[in-house]
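Hi,

Here's the structure I promised to send over. Have a look at it first, and then read on for what turned up.

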Amino acid sequence: LAATCARPARRLACSATAMPFIDDRAASLQLAPPALAETDRKTRVVVLGSGWGAVSLIMNLDPAAFGEHGDYELVLVSPRNHMVYTPLLPSAVGGVVSETSIVESIRTLIEGKGIYYEARATNIDPFNRKLTLVKEYCEVCARKKAAGQAAGHHGHSEADHELTIPYDILICSVGAVNATFGIKGVQEHCFFLKTMEDAKTLRRHISKAIELAALPDVSPEQRKRMLNFVICGGGPTGVETAAELMDLVSEDIAHHMPQIKEDVSITLVDGMDNLLSSYDKEIQDYASSVFESSGIKLRMGCRVTQVLDGQLEVQTKEGKTDLIPFSTCVWAAGIAMHPLVASLKEKLPADLQTSRRGLLVDEHLRVVGSQGTIYCLGDAAVTGTTPQTTLPPTAQVAKQQGVYMAALLNRNKLALRPAFSAWPGRSSWPSYERDEHHAHDDDENAPDLVPLPEGTKPFSYFHMGALCYLGNHKGVMDLPFKTPFLRTLKGTLGGQTWKGLETIMQISHRTRWLVTHDWLRNAVFGRNISDI
Ligand code: FAD
């Protein structure tokens with residue numbers, strides 16, 4: 001009994017977190033730091049995102065520190081209540097793996113460590129440590145939409161979709177968005193491949209296009225046009241998408257609908273001279289030769305200048321403008337800064353946040369200029385000021401950063417907690433937190449209000465190689481250790497290595513089992529070419 005009564009404030013914090021926030025006032029009444037003794041309340045860690053960085057983090061958190069009796073309370077916010085194993089998204093488009101086989105529920109992953117809110121963060125107030133969230137789903141609006149009515153009615157407005165939550169430590173892992181480079185028509189006429197929804201939409205579209213092209217009233221010219229697939233981007237996503245499409249055509253379409261097989265055309269367009277430009281030269285040349293022999297047309301050195309309805313306008317190296325017709329165009333040309341990240345960057349000192357790709361972080365993944373209260377992982381984070389010191393935006397990097405961040409939290413417990421109360425409505429940092437010297441200091445480690453304990457090791461990345469599937473059971477692996485005799489794995493061995501590693505690296509035993517089952521199902525019965 002004595003133990004229960006000794007920490008009333010902590011119990012108050014626990015009961016408050018167990019309750020979903022109804023509105024901002026209720027939230028601040030129950031959870032605002034001034035209401036609780038600074039030393040007695042739990043440190044509230046809010047994680048944004050349910051992708052590689054965030055999931056790797058929560059999977060590695062110590063349940064003793066984050067559970068009911070731990071020192072932290074964890075809140076994960078993401079519009080998606082699942083994590084997608086992105087490297088197999090192209091295989092989901094090709095119907096090799098089923099969509100449900102490569103997703104894991106956040107509820108399962110966070111169990112016993114914290115709570116999850118299905119919402120999208122729309123604003124970060126770093127000075128008052130508050131987040132504005134917008135609910136991802138609204139029952140009232142969904143009902144009205146189904147009935148064909150406009151959103152909003154008496155007693156229900158846009159404001160009802162919003163809520164505000166406080167944080168002590170924010171971990172931002174919202175990833176990036178598709179880069180369109182401001183090219184006209186990309187958003188309107190192209191398919192993307194970033195989320196599971198994208199993969200589903202694309203797979204269903206391909207299935208419909210194939211079925212339409214097989215109808216008897218379609219002329220040969222129309223059929224050719226309907227089966228004209230163009231992929232923009234010669235990086236791993238574009239290459240694997242083209243490879244999976246070609247496998248689909250050469251194996252399943254050839255078997256079930258041989259009459260249309262010859263009319264299918266797959267073209268890959270890229271402004272660079274080589275495919276997979278970040279890989280070893282040996283792999284670049286090999287990938288081109290595999291694509292050429294499998295019938296995938298390559299339009300290298302072609303910069304897309306505009307996407308029209310059914311036509312891609314490109315500029316060749318020689319300065320010539322060309323039109324490439326398509327019925328389906330997949331845009332896999334790179335990533336850009338997430339709008340939430342861009343808006344946070346705007347609020348931080350411009351002289352410290354100098355990257356145009358994301359949030360510049362220090363060697364401990366703390367957002368530079370955020371006083372040590374915001375950390376950033378994955379595609380949203382920029383780890384250095386030069387291309388040599390910046391890590392690539394890959395799952396491998398995000399995963400390792402998540403593991404590092406979890407260790408930091410597990411080890412340091414309350415030491416990471418900001419020492420100041422942030423609630424009196426600030427719009428900038430108090431002046432003592434930045435001084436003239438630091439404001440003009442080139443050192444990325446801006447002054448931090450929340451110092452890390454001495455001896456905290458910096459994040460260090462261990463590169464484990466890069467894989468890519470090229471189709472026809474062939475693949476490549478850029479090995480992490482190069483020897484004069486062995487620099488890469490290629491061909492069927494590369495393909496088997498890719499398949500084996502993509503199965504082993506799955507997020508859970510459940511998805512590992514499902515993916516293995518899918519490979520077997522595919523080998524015995526073929527792909528799912530239906531639109532379901
Ligand atoms: P993500 O994994 O993108 O997660 C972002 C999360 O944030 C999502 O859950 C999203 O719903 C959530 N979110 C978005 N907006 C908000 C918001 N406003 N508020 C809260 N949450 C939000 N990398 C490799 O290393 N190897 C590969 O083979 C590979 N293949 C790939 C294939 C494809 C098709 C794609 C698209 C990517 C591939 N990548 C690969 C790259 C890899 O997926 C990314 O680098 C990785 O996902 C980055 O992790 P992240 O946590 O930063 O972001």
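Predicted model: local features only at pLDDT ≥ 70, side-chain atom pairs only at ≥ 80, totals over all residues.

The shell around the ligand gets at least two residues from each of helix 4, strand 2 (72–78), helix 6 (89–93), strand 5 (115–125), helix 12 (236–256) and helix 16. There are 33 residues around the ligand, and those that come nearest are Gly49, Gly51, Gly175, Gly378 and Thr394. Sorted by class, the shell has 17 nonpolar, 12 polar and 4 charged residues. Domain 1 (43–140 + 152–177 + 337–418 + 427–439) and domain 2 (186–333) each put at least three residues into the shell.

Helix 4 covers residues 52–59 and helix 16 covers residues 395–412; their axes are 7 Å apart, at an angle of about 35 degrees. Their crossing is right-handed. On the helix 4 side, the contact is made by Trp52, Gly53, Ala54, Val55, Ser56 and Leu57, while helix 16 brings Ala395, Ala398, Lys399, Gln401, Gly402, Val403, Met405 and Ala406. That contact comes to 9 nonpolar, 4 polar and 1 charged residues.

One more thing to look at, over in the strands: strand 15 (residues 311–315) and strand 16 (residues 321–325) are antiparallel partners, paired over 5 bridges. In this pairing, Leu312 of the one sits opposite Ile324 in strand 16. The two strands make a hairpin with 5 residues between them, and Gly319 in the turn has a positive phi of about 90 degrees.

Cheers

Definitions and conventions
Residues numbered from 1 in each chain as written. Axes fitted to C-alpha atoms, helices over the stretch in contact; angles between N-to-C directions. Helix = DSSP H or I, 4+ residues; strand = E, 2+ residues; numbered from the N terminus. Left-handed = near helix turned anticlockwise from the far one by under 90°. Contact = placed C-beta atoms within 7 Å. Nonpolar A, V, L, I, M, F, W, Y, C, P; charged D, E, K, R; others polar. Near = placed C-beta within 6 Å. Domains from an automatic or database assignment. Pairing = 2+ DSSP bridges.
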